[in-house]
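Hello,

Here is the structure you asked to look at. My notes on it follow below.

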Amino acid sequence: MAHTFEDLVELERQAEAARARYVESPDGETRAAWRDAADVFQAAVTEYAAAEGESRINVEMAAKKTVRHPQTEAA
């Protein structure tokens, strides 16, 4: 399945949400959900980077930056 950069951003959002649930309630179930979401994100990043001919680490960092440090609109 071909992914878009927007897909990667959404998958990273899901992984971050799963991480937050784990931090809030650390148990085996929430840890597994976080790990699974992170694995899905990583696989999608690898696939996208290969398809686009880009560095996997650069793609990963760009998606994470988009999620974790969104730019605010100028007023």
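Is Glu60 buried or exposed? Before the reply, please keep in mind that this is a predicted model.

Glu60 has a relative accessible area of 7%, and because the cut-off for buried is under 20%, Glu60 counts as buried. Glu60 sits in helix α3. Once neighbours within four places in sequence are set aside, the contacts of Glu60 are Phe41, Gln42 and Val45.

Helix α2 covers residues 28-52 and helix α3 covers residues 56-68. Their axes come within 9 Å and cross at roughly 125°, and α2 and α3 are therefore oblique to each other. The crossing of α2 and α3 is right-handed. On the α2 side, the contact is made by Phe41, Gln42, Val45, Thr46, Tyr48 and Ala49. On the α3 side, Arg56, Val59, Glu60, Ala63 and Lys64 take part. By type, the residues of this contact between α2 and α3 are 6 nonpolar, 2 polar and 3 charged.

Thr30 belongs to helix α2. Thr30 has a relative accessibility of 16% and so counts as buried, the cut-off being under 20%. If residues up to four places away in sequence are not counted, Thr30 touches Ala18, Arg21, Tyr22 and Ser25.

Regards

Key:
Residues numbered from 1 in each chain as written. Predicted model: local features only at pLDDT ≥ 70, side-chain atom pairs only at ≥ 80, totals over all residues. Heavy atoms only, no water. Axes fitted to C-alpha atoms, helices over the stretch in contact; angles between N-to-C directions. Helix = DSSP H or I, 4+ residues; strand = E, 2+ residues; numbered from the N terminus. Parallel < 35°, antiparallel > 145°, perpendicular 65-115°, else oblique. Left-handed = near helix turned anticlockwise from the far one by under 90°. Contact = heavy atoms within 4.5 Å. Nonpolar A, V, L, I, M, F, W, Y, C, P; charged D, E, K, R; others polar. Buried < 20%, exposed > 50% of the residue type's maximum accessible area, 1.4 Å probe, protein only.
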